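Q: I would like to go through this structure step by step. Could we begin once it is on the screen?

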Amino acid sequence: MTQADENAIAGYQERFAQIMVESGMPRMAARVYAALLVTDSGKLSAAELAERLGVGASAISGAVKYLVQVRLVERGREPGGRHDFCRVHEHTWSHYVSQSDPVLARLQEGAGEGIAVLGPDSPAGRRLDETRRFFAFVREEIKQSMVKWQRLQEAEREPGQRRAL
């Protein structure tokens, strides 16, 4: 790989990280995640991440902790190895989205509790009812979308199938 290729990849990596930051992800976590995405293996050690990003080990540690917590990456160790690595989950985004249901269910249930307290005919009760109905809708849409996504993935694994989207 040429220096120009490496520079282009590094530039892309930072631009993608910025998209993630603008979407609400902490800056260092976004940079670590983007660095993992652009590697062929999808995994790097903490030392490799620190070197690539020009930051210290503590910054990497905090970012990896966040990414593990939100289930975008996992930590591991090669059998017999001495160093941990950080790896992007296989099918990371479908995994991430499908894991959001418990949080959405809690929001839906919490809104329902508020309706019971405030009354369904009060302005606050109506807002909470809209919130409850919205999260019920989103949960069902995610469930249906994940089924469609799995079917698409399975179809793409079959010989002779073209990618659709």
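This is a predicted model: local features need pLDDT of at least 70, side-chain atom pairs count only at pLDDT 80 or more; totals for chains, interfaces and linings use all residues.

Q: Understood. What share of the 165 residues is buried, then?
A: Buried residues account for 28% of the 165 residues in the protein.

Q: And how many helices and strands are there?
A: The protein contains seven helices and three strands. Read from the N terminus, the order of elements is α-α-β-α-α-β-β-α-α-α.

Q: How does the radius of gyration relate to the globule rule?
A: The radius of gyration is 21 Å, whereas the globule rule gives 15 Å for 165 residues. The value is well over that of the rule, so the protein is more spread out than a compact globule.

Q: What box do the C-alpha atoms fill?
A: Along the principal axes, the C-alpha atoms occupy a box of roughly 65 × 45 × 35 Å.

Q: Turning to contacts: among those between residues at least 6 apart in sequence, what percentage joins residues at least 24 apart?
A: The figure is 45% for the protein.

Q: And the surface: what is its accessible area, and what part belongs to carbon and sulfur atoms?
A: The accessible surface amounts to about 11200 Å², and 53% of it belongs to carbon and sulfur atoms.

Q: How far apart are the mean positions of the positive and negative charges?
A: There are 23 positive and 22 negative charges, and their mean positions lie 3 Å apart.

Q: Let us change topic. How many aromatic pairs does the structure hold?
A: It holds four aromatic pairs.

Q: Is F135 buried or exposed?
A: F135 has a relative accessibility of 16%, so it counts as buried. F134, in contrast, is partly exposed with 45%.

Q: Now the backbone. Which phi value does R71 have?
A: R71 shows a positive phi of about 65 degrees, although it is not a glycine. Its place is the loop between α4 (57-69) and β2 (73-77), and R71 is partly exposed, with a relative accessible area of 42%.

Q: And what is the phi of H91?
A: H91 has a positive phi of about 55 degrees and is not a glycine. This residue lies in the loop between β3 (84-88) and α5. H91 is partly exposed, with a relative accessible area of 42%.

Q: Finally, where is R106?
A: R106 is part of helix α6, residues 101-118. With a relative accessible area of 63%, R106 is exposed.

Q: How far is R106 from M20?
A: The two are 86 residues apart in sequence, and their C-alpha atoms are 25 Å apart in space.

Key: Residues are numbered from 1 along each chain as its sequence is written. Side-chain values use heavy atoms; hydrogens and water are left out. Helices (H or I, at least four residues) and strands (E, at least two) are DSSP runs, numbered from the N terminus. The radius of gyration is taken over C-alpha atoms; the globule rule is 2.2 Å times the number of residues to the power 0.38. Buried means under 20% relative accessible area, exposed over 50%, partly exposed in between (1.4 Å probe, protein chains only). Contact means heavy atoms within 4.5 Å. Accessible areas come from the Shrake-Rupley method with a 1.4 Å probe; for residues, only the protein chains shown count as cover. Lys and Arg count as positive and Asp and Glu as negative; His and the chain ends are not counted. The place of a charge is taken as NZ of Lys, CZ of Arg, CG of Asp or CD of Glu. Rings of Phe, Tyr and Trp (its six-membered ring) pair if their centres lie within 6.5 Å; planes under 30 degrees apart count as stacked, over 60 as edge-to-face and the rest as tilted.
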